[in-house]
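Me: I would like to learn how to read the features of a structure step by step. Could you walk me through one?

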Amino acid sequence: MDRYIRFALLTGVTKFGKVSVFSDLNNLNDISMYEPFVSICGMTEKEIHDNLEEDLYELAAMQKMTYERVCAELKDCYDGYHFVEESEGIYNPFSVLNTFYKMKFGNYWFETGTPTYLVELLKHNNYDLERMAHEETSVDVLNSIYDDDSPIPVIYQSGYLTIKGYNSRFGIYSLGFPNREVEEGFIRFLMPFYTRVNKAEAPFEIQKFVREIENGQPDAFFRRLQSFFADTPYELISDLELHYQNVLFIIFKLVGFYTEVEYHTSEGRIDLILKTEKYVYVMEFKLEGTAEEALRQIEEKHYALPFESDFRQLFKIGVNFSNRTRNIERWIVK
(Lines give C-alpha, C1' and ligand atoms only; values in the text may rest on other atoms or scores of the structure.)
Protein backbone atom coordinates (compact mmCIF):
# COMPACT_ATOMS: atom_id res chain seq x y z
CA MET A 1 0.00 0.00 0.00
CA ASP A 2 3.05 2.27 -0.21
CA ARG A 3 1.63 4.19 -3.17
CA TYR A 4 -1.18 5.56 -0.98
CA ILE A 5 1.13 6.94 1.73
CA ARG A 6 1.94 10.64 1.38
CA PHE A 7 3.25 11.29 4.89
CA ALA A 8 3.98 9.09 7.90
CA LEU A 9 5.59 9.99 11.23
CA LEU A 10 6.76 7.31 13.65
CA THR A 11 7.45 8.35 17.25
CA GLY A 12 8.52 6.44 20.32
CA VAL A 13 11.18 6.22 22.97
CA THR A 14 13.95 3.87 21.91
CA LYS A 15 15.34 3.19 18.46
CA PHE A 16 14.52 0.18 16.34
CA GLY A 17 16.70 -1.24 13.59
CA LYS A 18 16.30 -0.86 9.87
CA VAL A 19 17.43 -4.42 9.42
CA SER A 20 18.75 -4.35 5.85
CA VAL A 21 18.39 -2.68 2.48
CA PHE A 22 15.60 -5.16 1.80
CA SER A 23 13.67 -4.05 4.88
CA ASP A 24 10.23 -2.51 4.40
CA LEU A 25 11.55 0.43 6.44
CA ASN A 26 14.67 1.17 4.43
CA ASN A 27 13.50 4.62 3.35
CA LEU A 28 12.97 6.27 6.74
CA ASN A 29 14.40 9.71 7.40
CA ASP A 30 15.55 9.88 11.02
CA ILE A 31 14.95 13.41 12.39
CA SER A 32 15.83 12.62 16.03
CA MET A 33 18.98 14.77 15.91
CA TYR A 34 18.14 17.03 12.96
CA GLU A 35 18.35 20.80 13.55
CA PRO A 36 15.09 21.94 11.83
CA PHE A 37 13.03 19.68 14.11
CA VAL A 38 14.69 20.20 17.50
CA SER A 39 11.62 21.95 18.96
CA ILE A 40 8.95 19.72 17.43
CA CYS A 41 8.33 17.85 20.71
CA GLY A 42 8.66 20.67 23.21
CA MET A 43 8.33 24.39 23.94
CA THR A 44 10.92 27.08 23.44
CA GLU A 45 11.19 29.98 25.87
CA LYS A 46 9.90 32.34 23.17
CA GLU A 47 6.83 30.14 22.58
CA ILE A 48 6.02 30.23 26.30
CA HIS A 49 6.22 34.03 26.43
CA ASP A 50 4.32 34.43 23.15
CA ASN A 51 1.45 32.15 24.15
CA LEU A 52 1.38 31.83 27.93
CA GLU A 53 2.36 35.25 29.25
CA GLU A 54 -0.89 35.71 31.19
CA ASP A 55 -0.37 32.34 32.83
CA LEU A 56 3.12 33.38 33.95
CA TYR A 57 1.74 36.43 35.74
CA GLU A 58 -1.09 34.39 37.28
CA LEU A 59 1.40 31.75 38.47
CA ALA A 60 3.55 34.49 40.01
CA ALA A 61 0.55 35.87 41.90
CA MET A 62 -0.59 32.43 43.08
CA GLN A 63 2.90 31.49 44.31
CA LYS A 64 3.59 34.97 45.78
CA MET A 65 6.69 35.24 43.62
CA THR A 66 7.94 37.96 41.30
CA TYR A 67 7.44 37.51 37.56
CA GLU A 68 11.22 37.23 37.10
CA ARG A 69 11.48 34.59 39.83
CA VAL A 70 8.68 32.51 38.29
CA CYS A 71 10.36 32.59 34.87
CA ALA A 72 13.68 31.52 36.44
CA GLU A 73 11.98 28.71 38.40
CA LEU A 74 10.16 27.45 35.32
CA LYS A 75 13.44 27.36 33.42
CA ASP A 76 15.31 25.63 36.24
CA CYS A 77 12.64 22.96 36.67
CA TYR A 78 11.57 22.17 33.12
CA ASP A 79 13.97 23.62 30.52
CA GLY A 80 17.27 22.17 29.34
CA TYR A 81 16.55 19.58 26.66
CA HIS A 82 18.92 19.67 23.68
CA PHE A 83 18.60 17.25 20.78
CA VAL A 84 21.51 18.58 18.75
CA GLU A 85 24.64 20.49 19.69
CA GLU A 86 24.46 24.27 20.20
CA SER A 87 20.65 24.33 20.07
CA GLU A 88 18.31 26.42 22.19
CA GLY A 89 16.90 24.75 25.27
CA ILE A 90 13.54 23.00 25.04
CA TYR A 91 11.00 22.94 27.88
CA ASN A 92 9.10 19.80 28.81
CA PRO A 93 5.56 20.67 27.60
CA PHE A 94 3.82 18.14 29.87
CA SER A 95 5.32 19.68 33.02
CA VAL A 96 4.86 23.29 31.87
CA LEU A 97 1.17 22.81 31.03
CA ASN A 98 0.51 20.97 34.30
CA THR A 99 2.22 23.79 36.20
CA PHE A 100 -0.13 26.33 34.63
CA TYR A 101 -3.15 24.07 35.06
CA LYS A 102 -2.51 23.54 38.78
CA MET A 103 -0.79 26.90 39.29
CA LYS A 104 2.07 25.39 41.26
CA PHE A 105 5.40 23.72 40.56
CA GLY A 106 5.71 19.94 40.77
CA ASN A 107 7.47 16.89 39.37
CA TYR A 108 4.67 16.26 36.89
CA TRP A 109 6.50 14.38 34.14
CA PHE A 110 8.47 12.26 36.57
CA GLU A 111 5.35 11.36 38.54
CA THR A 112 3.91 9.67 35.43
CA GLY A 113 6.23 6.78 36.25
CA THR A 114 9.80 5.69 35.59
CA PRO A 115 10.32 2.15 34.31
CA THR A 116 12.32 0.05 36.75
CA TYR A 117 14.17 -1.60 33.88
CA LEU A 118 16.22 1.60 33.50
CA VAL A 119 17.65 1.09 36.98
CA GLU A 120 18.10 -2.63 36.41
CA LEU A 121 20.06 -1.71 33.29
CA LEU A 122 22.34 0.57 35.32
CA LYS A 123 22.92 -2.15 37.92
CA HIS A 124 23.40 -4.86 35.28
CA ASN A 125 26.18 -2.78 33.72
CA ASN A 126 27.78 -1.93 37.11
CA TYR A 127 27.34 1.69 36.13
CA ASP A 128 29.08 4.39 38.18
CA LEU A 129 26.19 6.79 38.90
CA GLU A 130 28.51 9.77 39.29
CA ARG A 131 29.18 9.55 35.54
CA MET A 132 25.56 10.44 34.79
CA ALA A 133 26.23 14.09 35.59
CA HIS A 134 29.04 14.31 33.01
CA GLU A 135 28.80 11.33 30.68
CA GLU A 136 30.66 11.59 27.36
CA THR A 137 29.73 9.64 24.25
CA SER A 138 29.47 9.76 20.46
CA VAL A 139 26.58 10.30 18.08
CA ASP A 140 26.71 6.62 17.15
CA VAL A 141 25.95 5.67 20.76
CA LEU A 142 23.17 8.25 21.12
CA ASN A 143 21.54 6.93 17.96
CA SER A 144 22.20 3.28 18.62
CA ILE A 145 19.61 0.59 19.12
CA TYR A 146 18.88 -0.59 22.65
CA ASP A 147 21.01 -3.48 23.92
CA ASP A 148 22.48 -4.68 27.21
CA ASP A 149 26.02 -3.45 26.52
CA SER A 150 25.44 0.16 27.58
CA PRO A 151 22.64 1.91 29.47
CA ILE A 152 23.38 5.29 27.87
CA PRO A 153 21.33 5.07 24.63
CA VAL A 154 18.08 4.16 26.38
CA ILE A 155 18.67 6.60 29.28
CA TYR A 156 19.29 9.39 26.76
CA GLN A 157 16.48 8.43 24.38
CA SER A 158 13.94 8.24 27.23
CA GLY A 159 14.76 11.77 28.39
CA TYR A 160 16.74 11.33 31.61
CA LEU A 161 19.94 12.65 30.05
CA THR A 162 20.35 15.30 27.38
CA ILE A 163 23.11 17.00 25.41
CA LYS A 164 25.06 19.54 27.47
CA GLY A 165 28.06 20.17 25.24
CA TYR A 166 29.85 19.08 22.08
CA ASN A 167 33.50 18.72 21.10
CA SER A 168 33.48 19.17 17.33
CA ARG A 169 37.11 18.17 16.96
CA PHE A 170 36.52 14.67 18.27
CA GLY A 171 32.76 14.39 17.71
CA ILE A 172 32.13 13.81 21.43
CA TYR A 173 28.90 14.78 23.18
CA SER A 174 28.74 15.68 26.88
CA LEU A 175 25.54 14.54 28.57
CA GLY A 176 23.85 15.50 31.81
CA PHE A 177 20.47 15.84 33.51
CA PRO A 178 18.30 18.34 31.61
CA ASN A 179 16.76 20.09 34.61
CA ARG A 180 15.99 19.90 38.31
CA GLU A 181 12.76 17.95 37.90
CA VAL A 182 14.56 15.10 36.15
CA GLU A 183 17.72 15.18 38.27
CA GLU A 184 16.02 15.21 41.66
CA GLY A 185 13.26 12.83 40.57
CA PHE A 186 15.64 10.28 39.09
CA ILE A 187 18.06 10.32 42.04
CA ARG A 188 15.13 9.88 44.45
CA PHE A 189 13.86 7.02 42.29
CA LEU A 190 17.26 5.30 42.47
CA MET A 191 17.40 5.29 46.25
CA PRO A 192 15.24 2.21 47.01
CA PHE A 193 17.18 0.17 44.42
CA TYR A 194 20.54 0.82 46.10
CA THR A 195 19.57 1.01 49.78
CA ARG A 196 17.18 -0.63 52.23
CA VAL A 197 14.91 2.45 52.19
CA ASN A 198 11.63 2.07 50.31
CA LYS A 199 9.99 4.73 48.15
CA ALA A 200 7.65 5.94 50.90
CA GLU A 201 10.45 6.31 53.46
CA ALA A 202 12.99 8.01 51.19
CA PRO A 203 11.83 11.66 51.58
CA PHE A 204 11.76 11.34 55.38
CA GLU A 205 15.22 9.77 55.52
CA ILE A 206 16.69 12.55 53.41
CA GLN A 207 14.97 15.11 55.63
CA LYS A 208 16.66 13.54 58.68
CA PHE A 209 20.05 13.56 56.94
CA VAL A 210 19.68 17.24 56.09
CA ARG A 211 18.57 18.20 59.60
CA GLU A 212 21.53 16.43 61.18
CA ILE A 213 23.92 18.21 58.84
CA GLU A 214 22.24 21.58 59.40
CA ASN A 215 22.29 21.08 63.19
CA GLY A 216 25.99 20.19 63.35
CA GLN A 217 25.46 16.51 64.25
CA PRO A 218 27.97 14.53 62.15
CA ASP A 219 27.93 11.49 64.47
CA ALA A 220 24.16 11.12 64.12
CA PHE A 221 24.54 11.59 60.37
CA PHE A 222 27.08 8.77 60.06
CA ARG A 223 25.12 6.42 62.30
CA ARG A 224 22.19 6.89 59.94
CA LEU A 225 24.47 6.37 56.95
CA GLN A 226 25.71 3.11 58.49
CA SER A 227 22.14 1.84 58.58
CA PHE A 228 21.86 2.40 54.82
CA PHE A 229 24.56 -0.19 54.25
CA ALA A 230 23.60 -2.59 57.04
CA ASP A 231 20.69 -4.38 55.38
CA THR A 232 21.96 -4.52 51.81
CA PRO A 233 21.84 -8.01 50.23
CA TYR A 234 25.56 -8.11 49.38
CA GLU A 235 25.36 -11.46 47.64
CA LEU A 236 23.66 -9.55 44.80
CA ILE A 237 26.49 -7.01 44.51
CA SER A 238 29.39 -7.85 42.23
CA ASP A 239 31.44 -4.72 42.97
CA LEU A 240 31.41 -3.63 46.61
CA GLU A 241 33.54 -0.53 46.06
CA LEU A 242 31.25 0.72 43.31
CA HIS A 243 28.24 0.02 45.52
CA TYR A 244 29.71 2.18 48.30
CA GLN A 245 30.38 4.96 45.82
CA ASN A 246 26.90 4.78 44.29
CA VAL A 247 25.11 4.88 47.65
CA LEU A 248 27.23 7.82 48.79
CA PHE A 249 26.55 9.59 45.50
CA ILE A 250 22.78 9.13 45.90
CA ILE A 251 22.74 10.30 49.53
CA PHE A 252 24.93 13.34 49.01
CA LYS A 253 23.25 14.26 45.73
CA LEU A 254 19.87 14.32 47.50
CA VAL A 255 21.31 16.21 50.48
CA GLY A 256 22.81 18.61 47.94
CA PHE A 257 19.37 19.74 46.80
CA TYR A 258 19.00 21.39 50.22
CA THR A 259 22.64 22.24 51.01
CA GLU A 260 25.80 22.90 48.99
CA VAL A 261 27.83 19.80 48.12
CA GLU A 262 31.05 19.23 46.18
CA TYR A 263 31.65 15.52 45.54
CA HIS A 264 34.83 14.10 43.99
CA THR A 265 36.07 10.58 43.39
CA SER A 266 39.39 9.19 42.31
CA GLU A 267 41.06 5.83 42.57
CA GLY A 268 40.63 4.34 46.03
CA ARG A 269 39.05 7.34 47.71
CA ILE A 270 36.23 9.87 47.80
CA ASP A 271 36.49 13.40 49.13
CA LEU A 272 33.54 15.63 49.79
CA ILE A 273 32.81 19.16 50.97
CA LEU A 274 29.38 19.96 52.38
CA LYS A 275 28.31 23.48 53.34
CA THR A 276 25.33 24.82 55.29
CA GLU A 277 24.59 28.24 56.77
CA LYS A 278 26.40 27.42 60.04
CA TYR A 279 28.76 24.54 59.24
CA VAL A 280 31.34 23.33 56.72
CA TYR A 281 32.15 19.61 56.54
CA VAL A 282 35.30 18.36 54.83
CA MET A 283 35.16 14.56 54.47
CA GLU A 284 37.54 11.94 53.15
CA PHE A 285 36.37 8.35 52.55
CA LYS A 286 38.76 5.40 52.40
CA LEU A 287 38.17 1.80 51.40
CA GLU A 288 40.18 -0.79 53.32
CA GLY A 289 42.28 1.91 54.94
CA THR A 290 41.75 3.64 58.28
CA ALA A 291 39.79 6.65 59.46
CA GLU A 292 43.10 8.03 60.77
CA GLU A 293 44.59 7.85 57.26
CA ALA A 294 41.58 9.60 55.81
CA LEU A 295 41.81 12.43 58.38
CA ARG A 296 45.57 12.69 57.84
CA GLN A 297 44.99 13.10 54.10
CA ILE A 298 42.62 16.03 54.74
CA GLU A 299 45.42 17.70 56.72
CA GLU A 300 48.28 16.86 54.36
CA LYS A 301 46.40 17.82 51.20
CA HIS A 302 45.04 21.01 52.86
CA TYR A 303 41.47 20.24 51.80
CA ALA A 304 40.11 22.43 54.60
CA LEU A 305 42.43 25.39 54.02
CA PRO A 306 39.90 27.50 52.05
CA PHE A 307 37.54 27.34 55.04
CA GLU A 308 39.95 27.98 57.91
CA SER A 309 38.94 31.66 58.11
CA ASP A 310 35.26 31.00 57.37
CA PHE A 311 32.81 32.21 60.03
CA ARG A 312 31.12 28.80 59.98
CA GLN A 313 32.18 25.95 62.25
CA LEU A 314 34.51 23.55 60.45
CA PHE A 315 34.35 19.76 60.78
CA LYS A 316 37.10 17.54 59.36
CA ILE A 317 35.93 13.94 59.08
CA GLY A 318 37.88 10.84 58.13
CA VAL A 319 35.83 7.75 57.23
CA ASN A 320 36.82 4.17 56.42
CA PHE A 321 34.82 1.41 54.72
CA SER A 322 35.59 -2.21 55.47
CA ASN A 323 34.91 -5.04 53.02
CA ARG A 324 34.92 -7.43 55.98
CA THR A 325 32.05 -5.67 57.80
CA ARG A 326 30.64 -4.43 54.48
CA ASN A 327 29.88 -1.10 56.07
CA ILE A 328 31.41 2.06 57.45
CA GLU A 329 33.92 0.69 59.92
CA ARG A 330 34.84 3.92 61.70
CA TRP A 331 34.81 7.69 61.40
CA ILE A 332 36.77 10.38 63.23
CA VAL A 333 35.47 13.95 63.61
CA LYS A 334 37.91 16.77 64.32
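This is a predicted model: local features need pLDDT of at least 70, side-chain atom pairs count only at pLDDT 80 or more; totals for chains, interfaces and linings use all residues.

Me: Which cysteine sulfur is nearest to that of C77, and how far away is it?

Reply: The nearest is the sulfur of C71, at 13 Å. A disulfide needs two cysteine sulfur atoms within 2.5 Å, and C77 is in no disulfide.

Me: Are C77 and C41 buried or exposed?

Reply: Here the reading rests on relative accessible area, where buried means under 20% and exposed over 50%. C77 has 6% relative accessibility, so this cysteine counts as buried. C41 has a relative accessible area of 59% and is therefore exposed.

Me: Let's turn to the sheet. In what order do the strands run, and is the pairing parallel or antiparallel?

Reply: In general, strands of a sheet pair through backbone hydrogen bonds, in either a parallel or an antiparallel way. In this model, three strands make an open sheet with the order β1-β3-β2, and their pairing is antiparallel. The edges are β1 (136-138) and β2 (162-167), each of which pairs on one side only. From one strand to the next, the twist averages 40 degrees.

Me: How many bridges join β2 and β3?

Reply: Five bridges, in the antiparallel sense, link β2 with β3 (residues 172-176). For a pair to look up in the viewer, take N167, whose bridge partner in β3 is I172.

Me: What should I look for in the nonpolar cores, and which residues have the most contacts inside the largest one?

Reply: Look for buried nonpolar residues joined through their side chains. The largest core here has 66 residues, and F222 and F285 have the most contacts inside it. Helix α11 (residues 240-255) gives the largest share of this core, with 10 residues. Another core lies apart from it and has 18 residues, including I48, L59, L74 and M103.

Me: And how do I read a pocket?

Reply: The general idea is to roll a probe the size of a water molecule over the atoms, which shows where empty space is left. As our example, the second largest pocket has a volume of about 380 Å³.

Me: Which residues lie nearest the centre of that second largest pocket, and which helix supplies the largest share of its lining?

Reply: Of the 13 lining residues, F110, G185, R188, F189 and K199 lie nearest the centre. Both α8 (180-194) and α9 (202-214) supply at least two residues of the lining, and the largest share, five residues, comes from α8.

Key: Residues are numbered from 1 along each chain as its sequence is written. Side-chain values use heavy atoms; hydrogens and water are left out. A nonpolar core is a set of buried Ala, Val, Leu, Ile, Met, Phe, Trp, Tyr and Cys residues joined through side-chain atoms within 4.5 Å. Buried means under 20% relative accessible area, exposed over 50%, partly exposed in between (1.4 Å probe, protein chains only). Helices (H or I, at least four residues) and strands (E, at least two) are DSSP runs, numbered from the N terminus. Two strands pair if DSSP finds at least two bridges between them. Axes are lines fitted to C-alpha atoms, for helices over the stretch in contact, and angles run from 0 to 180 degrees between N-to-C directions. On a 1 Å grid over the protein atoms alone, a cavity is a set of points where a 1.4 Å probe fits but cannot get out, and a pocket is an open set with protein on both sides within 12 Å along at least five of seven lines; lining residues have an atom within 4 Å of a point. Grid points are joined across faces, edges and corners, and a volume is the space filled by probe spheres set on the points.
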